[in-house]
Amino acid sequence: MRINTFFYTIQQGIKNIGRNKMFSLASIATMSACIFMFGLFYIIVANFNNMVRVVEESVAVIVFFDEGISESEIEAIGQDIIKRVEVSKCVYVSADEAWDEVKETYFEGREDLAAAFESDNPVANSEHFEIYLNDVSMQEALVTYLENTDGVRSVKQSQTVANMLTDFNRLVGYVSAGIILILLCVAVFLISTTVAVGVNARREEIYIMKLIGATDYLVRAPFVVEGMAIGLFGAAIPLVLLYFLYGQITGYIAGKFQFVSSVLVFLDTNVLFKNLLPVALILGIGIGFVGSAVSVRKHLRK
């Protein structure tokens, strides 16, 4: 593409927006609404996923060993476990550490009763591994492996919690895909309608351009630029709004409802928008490109 042709295309695309002010503003407003809903939904889902991830990190598979097993054998089992793709962390808990946990949980304020067991650890032979997962849906495969490992006496797992978290993640995925698809269809339809109005309004001009030898590319390109510009403006406006709203709302909740902030761990604004910003901009420009390209192709063939 020659430089003068490139700038001509950009100039004509921007002018097209001015020629159809009402439809362009309507498309930008609708695109903004769609991207705002997409961004809002993304923020909610991202924070829910973060909270689920925090819960997943607290779900552990407990592995107990055969009585009389040596420390070297336990260490070898641990080395094999940590190599597994399902495992994020493997923590060894000795019998003494297990007894300390029991005292803290069941004998708090009753240290005199706990002292009676000091010479005879009631949880002897209870040393174990606490295994934390990268993905709770992988728990079943890991448990199957552990149950068939020599030296392992028993394996305890949180099957109900794992199933609940797995089902929740699947549900969120389905709902997300459905809502995003609806928003995409609405935005593409509206942008294609706006571009179609521009094509009809300039039909005679386009006809003359083609008569004097203008290529299809030169005719179509300004309309594609128009659609992409509408998509860009329609994505930028809600992103700025969401950025400030998210920071204000999460800050207000953290300051006003401290008990909520201790339970709900919100993602940092910059971390969240590091992913949302490029996705939303690419989505807006892409929708504008697709909508305008489809509309121009369809109307120029008539």
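Mentor: In this predicted model, the largest pocket holds about 270 Å³ of space. On a 1 Å grid over the protein atoms alone, a pocket is an open set of points with protein on both sides within 12 Å along at least five of seven lines, while a cavity is a set of points where a 1.4 Å probe fits but cannot get out, and lining residues have an atom within 4 Å of a point. Grid points are joined across faces, edges and corners, and the volume is the space filled by probe spheres set on the points. Fourteen residues line the largest pocket, and the closest to its centre are Ile43, Ile44, Asn47, Tyr246 and Phe266. Two elements, α2 (21-58) and α9 (216-256), each give two or more residues to this lining, and the largest share, seven residues, comes from α2. Helices (H or I, at least four residues) and strands (E, at least two) are DSSP runs, numbered from the N terminus. By class, the pocket lining has twelve nonpolar, two polar and no charged residues, where Ala, Val, Leu, Ile, Met, Phe, Trp, Tyr, Cys and Pro count as nonpolar, Asp, Glu, Lys and Arg as charged, and the others, Gly among them, as polar.

Before going on, please keep the reading rules in mind. Residues are numbered from 1 along each chain as its sequence is written, and side-chain values use heavy atoms, with hydrogens and water left out. Because the model is predicted, local features need pLDDT of at least 70 and side-chain atom pairs count only at pLDDT 80 or more, whereas totals for chains, interfaces and linings use all residues. The pLDDT, which is the predictor's confidence in each residue from 0 to 100, averages 76 over the protein chain, with 74% of the residues scoring at least 70. Confidence is lowest in helix α5 (residues 111-115), at a mean of 56, and highest in helix α3 (residues 71-82), at 87. Where pLDDT is low, the predicted coordinates should not be read in detail.

The elements α2, α7 (159-201) and α11 (269-300) each give two or more residues to the cavity lining, which has ten nonpolar, no polar and no charged residues.

Finally, consider the aromatic rings. Rings of Phe, Tyr and Trp (its six-membered ring) pair if their centres lie within 6.5 Å, and planes under 30 degrees apart count as stacked, over 60 as edge-to-face and the rest as tilted; by this rule there are five aromatic pairs. One of them, Phe65 with Phe129, is edge-to-face, at 5.1 Å centre to centre and 90° between the planes. This pair links distant parts of the chain, with Phe65 in strand β1 (residues 60-65) and Phe129 in strand β3 (residues 128-133), 64 residues apart. Both Phe65 and Phe129 are buried, where buried means under 20% relative accessible area, exposed over 50% and partly exposed in between (1.4 Å probe, protein chains only). Together with Tyr92, Phe65 and Phe129 form one aromatic cluster.
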